[in-house]
Amino acid sequence: MYWSGRIDGDELDVLRIHQVVNVMDLDELLKIDLKEKKVCFVSFNSDEGVRRNSGRLGAKDGWIHVKKALSGFPIFREDLKFYDLKDPIEVVNHDLESAHTKMAKIVSSLKERGFLVVVLGGGHDIAFANYSGILDYALKKEDSPKIGIINFDAHFDMREYINGRNSGTMFLQIADICEEKKLNFDYNVFGIQKFSNTKRLFDRADKLGVKYYFAEEIRTIPSDDLYSILKRNDYIHLTLCTDVFHITSAPGVSAPQTFGVNPRNALPLLKTIARYSKNLTIDVAEINPTFDYDDRTSRLMANIIYELILCHFE
(Lines give C-alpha, C1' and ligand atoms only; values in the text may rest on other atoms or scores of the structure.)
Protein backbone atom coordinates (compact mmCIF):
# COMPACT_ATOMS: atom_id res chain seq x y z
CA MET A 1 0.00 0.00 0.00
CA TYR A 2 1.54 3.30 -1.12
CA TRP A 3 -0.72 5.57 0.91
CA SER A 4 -0.12 4.74 4.56
CA GLY A 5 1.41 6.27 7.66
CA ARG A 6 0.90 7.74 11.09
CA ILE A 7 -2.65 8.38 12.31
CA ASP A 8 -3.21 10.92 15.08
CA GLY A 9 -7.00 10.79 14.84
CA ASP A 10 -9.78 11.61 12.42
CA GLU A 11 -10.37 15.23 13.42
CA LEU A 12 -9.83 17.72 10.60
CA ASP A 13 -6.83 19.38 12.24
CA VAL A 14 -4.77 16.17 12.55
CA LEU A 15 -5.47 14.54 9.19
CA ARG A 16 -2.68 13.53 6.83
CA ILE A 17 -2.73 12.98 3.06
CA HIS A 18 -2.90 9.18 3.29
CA GLN A 19 -6.11 9.47 5.30
CA VAL A 20 -7.95 11.56 2.72
CA VAL A 21 -6.60 10.56 -0.69
CA ASN A 22 -9.18 8.85 -2.88
CA VAL A 23 -7.77 6.05 -5.04
CA MET A 24 -10.04 5.56 -8.07
CA ASP A 25 -10.08 4.25 -11.60
CA LEU A 26 -10.42 6.67 -14.49
CA ASP A 27 -14.17 6.21 -14.97
CA GLU A 28 -14.77 7.11 -11.33
CA LEU A 29 -12.46 10.13 -11.51
CA LEU A 30 -14.30 11.52 -14.52
CA LYS A 31 -17.49 11.67 -12.47
CA ILE A 32 -16.01 13.93 -9.79
CA ASP A 33 -17.60 17.37 -9.36
CA LEU A 34 -16.17 19.71 -12.00
CA LYS A 35 -16.09 22.70 -9.63
CA GLU A 36 -14.24 20.92 -6.84
CA LYS A 37 -10.69 22.05 -6.04
CA LYS A 38 -8.74 18.88 -6.67
CA VAL A 39 -5.45 17.29 -7.61
CA CYS A 40 -4.92 13.88 -9.19
CA PHE A 41 -1.71 11.87 -9.24
CA VAL A 42 -0.99 9.78 -12.33
CA SER A 43 1.81 7.22 -12.11
CA PHE A 44 4.09 5.98 -14.88
CA ASN A 45 5.60 2.63 -13.94
CA SER A 46 8.54 2.44 -16.34
CA ASP A 47 12.07 3.59 -17.06
CA GLU A 48 12.08 2.22 -20.61
CA GLY A 49 12.96 5.70 -21.87
CA VAL A 50 15.97 5.78 -19.55
CA ARG A 51 17.04 2.34 -20.75
CA ARG A 52 16.89 3.49 -24.36
CA ASN A 53 18.93 6.54 -23.36
CA SER A 54 21.61 4.36 -21.68
CA GLY A 55 20.89 5.82 -18.23
CA ARG A 56 20.93 4.24 -14.77
CA LEU A 57 17.85 2.09 -14.34
CA GLY A 58 15.55 2.24 -11.33
CA ALA A 59 13.35 5.29 -11.97
CA LYS A 60 10.32 3.08 -12.65
CA ASP A 61 9.84 2.82 -8.88
CA GLY A 62 10.18 6.54 -8.21
CA TRP A 63 6.45 7.23 -8.00
CA ILE A 64 6.02 4.61 -5.28
CA HIS A 65 8.54 6.28 -3.00
CA VAL A 66 7.15 9.75 -3.67
CA LYS A 67 3.67 8.64 -2.62
CA LYS A 68 5.08 7.10 0.55
CA ALA A 69 6.84 10.40 1.31
CA LEU A 70 3.70 12.42 0.58
CA SER A 71 1.52 10.17 2.73
CA GLY A 72 2.42 11.66 6.09
CA PHE A 73 2.12 15.33 5.15
CA PRO A 74 -0.61 17.18 7.10
CA ILE A 75 -3.81 18.47 5.56
CA PHE A 76 -4.16 22.26 5.75
CA ARG A 77 -7.23 22.81 3.58
CA GLU A 78 -10.48 20.92 3.93
CA ASP A 79 -11.72 22.16 0.54
CA LEU A 80 -8.76 20.73 -1.40
CA LYS A 81 -9.36 17.13 -2.46
CA PHE A 82 -6.68 14.55 -3.28
CA TYR A 83 -7.14 11.77 -5.84
CA ASP A 84 -4.90 9.06 -7.22
CA LEU A 85 -5.42 7.13 -10.45
CA LYS A 86 -5.64 3.56 -9.21
CA ASP A 87 -3.54 1.74 -11.81
CA PRO A 88 -0.13 3.02 -12.92
CA ILE A 89 0.56 3.24 -16.63
CA GLU A 90 2.68 0.31 -17.73
CA VAL A 91 5.06 -0.16 -20.65
CA VAL A 92 4.38 -3.60 -22.13
CA ASN A 93 7.05 -5.34 -24.22
CA HIS A 94 9.13 -2.16 -24.39
CA ASP A 95 6.31 -0.35 -26.22
CA LEU A 96 6.97 3.10 -24.81
CA GLU A 97 5.04 4.79 -27.59
CA SER A 98 1.72 3.13 -26.73
CA ALA A 99 2.17 3.90 -23.05
CA HIS A 100 2.75 7.57 -23.89
CA THR A 101 -0.40 7.64 -25.99
CA LYS A 102 -2.39 6.15 -23.13
CA MET A 103 -1.00 8.64 -20.65
CA ALA A 104 -1.73 11.59 -22.93
CA LYS A 105 -5.38 10.57 -23.18
CA ILE A 106 -5.63 10.24 -19.40
CA VAL A 107 -4.04 13.65 -18.80
CA SER A 108 -6.37 15.30 -21.32
CA SER A 109 -9.45 13.66 -19.81
CA LEU A 110 -8.52 14.63 -16.25
CA LYS A 111 -7.84 18.23 -17.26
CA GLU A 112 -11.24 18.42 -18.91
CA ARG A 113 -12.65 17.49 -15.52
CA GLY A 114 -10.78 20.32 -13.78
CA PHE A 115 -8.03 18.38 -12.02
CA LEU A 116 -4.58 19.72 -11.32
CA VAL A 117 -2.73 16.77 -12.84
CA VAL A 118 0.58 15.70 -11.29
CA VAL A 119 2.32 12.93 -13.23
CA LEU A 120 4.89 10.88 -11.31
CA GLY A 121 7.59 8.92 -13.16
CA GLY A 122 9.30 7.05 -14.30
CA GLY A 123 11.81 8.46 -16.74
CA HIS A 124 11.65 12.03 -17.99
CA ASP A 125 10.17 10.84 -21.27
CA ILE A 126 6.85 11.29 -19.44
CA ALA A 127 7.19 14.98 -20.32
CA PHE A 128 6.35 14.19 -23.94
CA ALA A 129 3.24 12.25 -22.98
CA ASN A 130 2.18 14.94 -20.53
CA TYR A 131 2.65 17.70 -23.11
CA SER A 132 0.69 15.65 -25.64
CA GLY A 133 -2.18 15.44 -23.16
CA ILE A 134 -2.06 19.18 -22.45
CA LEU A 135 -2.04 19.91 -26.18
CA ASP A 136 -4.98 17.61 -26.86
CA TYR A 137 -6.94 19.30 -24.07
CA ALA A 138 -6.00 22.80 -25.25
CA LEU A 139 -6.81 22.14 -28.92
CA LYS A 140 -10.37 21.29 -27.93
CA LYS A 141 -10.70 24.84 -26.65
CA GLU A 142 -8.81 26.84 -29.29
CA ASP A 143 -6.97 26.42 -32.59
CA SER A 144 -3.63 27.94 -31.54
CA PRO A 145 -3.13 27.39 -27.81
CA LYS A 146 -0.21 29.12 -26.11
CA ILE A 147 1.59 26.45 -24.08
CA GLY A 148 4.70 27.39 -22.15
CA ILE A 149 7.10 24.67 -21.08
CA ILE A 150 9.16 25.31 -17.95
CA ASN A 151 11.71 22.57 -17.43
CA PHE A 152 13.93 22.37 -14.34
CA ASP A 153 16.67 20.14 -15.69
CA ALA A 154 20.41 19.76 -16.09
CA HIS A 155 19.83 18.71 -19.72
CA PHE A 156 18.09 20.11 -22.80
CA ASP A 157 16.72 16.66 -23.73
CA MET A 158 16.58 17.62 -27.40
CA ARG A 159 18.48 14.77 -29.02
CA GLU A 160 17.60 13.33 -32.41
CA TYR A 161 15.04 10.52 -32.31
CA ILE A 162 15.51 8.92 -35.72
CA ASN A 163 16.07 5.60 -33.93
CA GLY A 164 13.13 6.09 -31.57
CA ARG A 165 12.19 8.29 -28.65
CA ASN A 166 13.80 8.08 -25.22
CA SER A 167 14.27 10.15 -22.08
CA GLY A 168 16.57 12.55 -23.91
CA THR A 169 14.51 13.36 -27.02
CA MET A 170 11.13 14.66 -25.88
CA PHE A 171 11.59 18.39 -26.29
CA LEU A 172 12.83 18.03 -29.87
CA GLN A 173 9.76 15.86 -30.48
CA ILE A 174 7.61 18.66 -29.07
CA ALA A 175 9.42 21.26 -31.18
CA ASP A 176 8.65 19.24 -34.29
CA ILE A 177 4.97 18.93 -33.31
CA CYS A 178 4.79 22.68 -32.79
CA GLU A 179 6.30 23.27 -36.22
CA GLU A 180 3.87 20.83 -37.80
CA LYS A 181 0.85 22.43 -36.14
CA LYS A 182 2.19 25.97 -36.57
CA LEU A 183 2.31 26.56 -32.82
CA ASN A 184 4.86 28.58 -30.89
CA PHE A 185 7.56 26.42 -29.27
CA ASP A 186 8.00 28.21 -25.95
CA TYR A 187 10.60 26.12 -24.14
CA ASN A 188 12.42 27.43 -21.05
CA VAL A 189 15.04 25.45 -19.12
CA PHE A 190 16.26 26.25 -15.61
CA GLY A 191 19.40 24.59 -14.24
CA ILE A 192 21.37 23.66 -17.37
CA GLN A 193 24.79 22.10 -16.81
CA LYS A 194 27.43 23.13 -19.33
CA PHE A 195 29.28 19.81 -19.20
CA SER A 196 26.12 17.70 -19.45
CA ASN A 197 25.12 18.93 -22.92
CA THR A 198 27.05 18.73 -26.18
CA LYS A 199 27.79 21.74 -28.36
CA ARG A 200 25.24 20.40 -30.84
CA LEU A 201 22.53 20.58 -28.20
CA PHE A 202 23.46 24.17 -27.29
CA ASP A 203 23.42 25.08 -30.99
CA ARG A 204 20.04 23.39 -31.46
CA ALA A 205 18.61 25.18 -28.44
CA ASP A 206 19.80 28.52 -29.80
CA LYS A 207 18.42 27.77 -33.26
CA LEU A 208 14.99 26.90 -31.85
CA GLY A 209 14.87 29.95 -29.60
CA VAL A 210 15.09 28.06 -26.33
CA LYS A 211 15.57 30.29 -23.29
CA TYR A 212 17.87 28.65 -20.76
CA TYR A 213 19.59 29.45 -17.49
CA PHE A 214 22.65 27.69 -16.11
CA ALA A 215 22.50 26.14 -12.66
CA GLU A 216 24.74 28.84 -11.21
CA GLU A 217 22.33 31.52 -12.42
CA ILE A 218 19.28 30.24 -10.53
CA ARG A 219 19.66 32.71 -7.65
CA THR A 220 19.91 35.74 -9.94
CA ILE A 221 17.19 35.10 -12.51
CA PRO A 222 15.20 38.33 -12.98
CA SER A 223 11.63 37.92 -11.77
CA ASP A 224 10.43 39.65 -14.93
CA ASP A 225 11.81 36.74 -16.99
CA LEU A 226 9.65 34.27 -15.13
CA TYR A 227 6.54 36.45 -15.08
CA SER A 228 6.92 36.99 -18.82
CA ILE A 229 6.65 33.25 -19.46
CA LEU A 230 3.56 32.99 -17.28
CA LYS A 231 1.91 36.06 -18.78
CA ARG A 232 2.34 35.17 -22.46
CA ASN A 233 1.03 31.60 -22.11
CA ASP A 234 -2.45 30.31 -21.31
CA TYR A 235 -1.20 26.84 -20.32
CA ILE A 236 1.94 26.03 -18.31
CA HIS A 237 3.65 22.66 -18.46
CA LEU A 238 5.97 22.47 -15.46
CA THR A 239 8.31 19.51 -15.79
CA LEU A 240 10.84 18.61 -13.12
CA CYS A 241 13.77 16.33 -13.84
CA THR A 242 15.13 15.54 -10.41
CA ASP A 243 18.74 15.47 -11.63
CA VAL A 244 18.64 19.28 -11.74
CA PHE A 245 19.38 19.28 -8.01
CA HIS A 246 22.73 18.93 -6.26
CA ILE A 247 23.85 15.36 -5.62
CA THR A 248 23.77 15.86 -1.84
CA SER A 249 20.07 16.73 -2.00
CA ALA A 250 19.19 14.33 -4.81
CA PRO A 251 21.56 11.35 -4.94
CA GLY A 252 18.83 9.02 -6.21
CA VAL A 253 18.61 10.11 -9.84
CA SER A 254 19.55 8.70 -13.22
CA ALA A 255 22.28 11.31 -13.82
CA PRO A 256 23.56 12.88 -10.56
CA GLN A 257 24.93 16.44 -10.67
CA THR A 258 27.97 17.50 -8.64
CA PHE A 259 27.21 21.18 -9.30
CA GLY A 260 23.45 20.87 -9.29
CA VAL A 261 20.96 23.44 -8.04
CA ASN A 262 20.36 23.97 -4.34
CA PRO A 263 16.64 23.17 -3.83
CA ARG A 264 16.20 26.20 -1.58
CA ASN A 265 17.26 28.44 -4.45
CA ALA A 266 14.83 26.80 -6.87
CA LEU A 267 11.83 26.74 -4.53
CA PRO A 268 10.91 30.46 -4.77
CA LEU A 269 10.82 30.16 -8.57
CA LEU A 270 8.75 27.00 -8.43
CA LYS A 271 6.26 28.51 -6.00
CA THR A 272 5.86 31.56 -8.21
CA ILE A 273 5.12 29.32 -11.19
CA ALA A 274 2.55 27.31 -9.22
CA ARG A 275 0.89 30.41 -7.80
CA TYR A 276 0.53 32.43 -11.00
CA SER A 277 0.14 29.89 -13.80
CA LYS A 278 -3.21 30.21 -15.56
CA ASN A 279 -3.61 26.49 -16.31
CA LEU A 280 -0.94 24.32 -14.72
CA THR A 281 0.07 20.70 -15.31
CA ILE A 282 3.05 19.09 -13.57
CA ASP A 283 5.28 16.08 -14.07
CA VAL A 284 8.15 14.86 -11.88
CA ALA A 285 10.69 12.39 -13.23
CA GLU A 286 13.96 10.52 -12.80
CA ILE A 287 13.70 9.71 -9.10
CA ASN A 288 15.79 6.56 -8.79
CA PRO A 289 15.31 4.78 -5.42
CA THR A 290 18.03 2.25 -6.31
CA PHE A 291 20.69 4.92 -5.76
CA ASP A 292 18.95 6.94 -3.04
CA TYR A 293 19.95 7.27 0.62
CA ASP A 294 17.20 7.11 3.26
CA ASP A 295 14.73 8.17 0.55
CA ARG A 296 16.42 11.58 0.53
CA THR A 297 15.50 12.28 -3.09
CA SER A 298 11.91 11.08 -2.80
CA ARG A 299 11.41 13.16 0.33
CA LEU A 300 12.81 16.24 -1.41
CA MET A 301 10.50 15.90 -4.39
CA ALA A 302 7.49 15.11 -2.21
CA ASN A 303 8.09 18.35 -0.32
CA ILE A 304 8.38 20.30 -3.57
CA ILE A 305 5.24 18.70 -5.01
CA TYR A 306 3.18 19.56 -1.94
CA GLU A 307 4.49 23.14 -1.95
CA LEU A 308 3.44 23.43 -5.59
CA ILE A 309 -0.03 22.06 -4.91
CA LEU A 310 -0.69 24.35 -1.96
CA CYS A 311 0.63 27.42 -3.78
CA HIS A 312 -1.48 26.68 -6.84
CA PHE A 313 -4.68 26.61 -4.82
CA GLU A 314 -3.98 29.64 -2.65
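## Backbone and ring contacts in a predicted model

Aspartate 295 is found in the loop between strand 10 (280-285) and helix 11 (296-312), where helices (H or I, at least four residues) and strands (E, at least two) are DSSP runs numbered from the N terminus. This is a predicted model, in which local features need pLDDT of at least 70 and side-chain atom pairs count only at pLDDT 80 or more, while totals for chains, interfaces and linings use all residues. Residues are numbered from 1 along each chain as its sequence is written, and side-chain values use heavy atoms, with hydrogens and water left out.

Most residues other than glycine have a negative phi, and most peptide bonds are trans. In aspartate 295, phi is positive, near 55°, and this residue is partly exposed, with a relative accessible area of 28%; buried means under 20% relative accessible area, exposed over 50%, and partly exposed in between (1.4 Å probe, protein chains only). Histidine 94 also has a positive phi, near 65°, and belongs to the loop between strand 4 (89-90) and helix 5 (96-112). The peptide bond from glycine 121 to glycine 122 is cis, with omega near 10°, and glycine 122 lies in the loop that runs between strand 5 (116-120) and helix 6 (126-139).

Helix 5 has 17 residues, which at 1.5 Å a residue should span 24 Å, and its end C-alpha atoms are 25 Å apart, which agrees; the expected span is 1.5 Å times one less than the number of residues. Among the buried residues of helix 5 are Leu96, His100, Met103, Val107 and Lys111. After this helix comes glycine 114, with a positive phi near 85°.

The structure holds 16 aromatic pairs, counted for rings of Phe, Tyr and Trp (its six-membered ring) with centres within 6.5 Å, where planes under 30 degrees apart count as stacked, over 60 as edge-to-face and the rest as tilted. The rings of phenylalanine 73 and tyrosine 306 have centres 5.6 Å apart and planes at 15°, so this pair is stacked. The pair links distant parts of the chain, 233 residues apart, with phenylalanine 73 in the loop between helix 4 (62-71) and strand 3 (80-85) and tyrosine 306 in helix 11. Both phenylalanine 73 and tyrosine 306 are buried. Elsewhere, ring pairs join Phe156, Phe202, Tyr212 and Phe214 into a cluster.

The table lists charges over rings, a term that requires NZ of Lys or CZ of Arg within 6 Å of the ring centre and within 35 degrees of the ring normal.

| Charged residue | Ring | Distance from ring centre |
|---|---|---|
| Lysine 38 | Phenylalanine 115 | 5.1 Å |
| Arginine 56 | Phenylalanine 291 | 3.7 Å |
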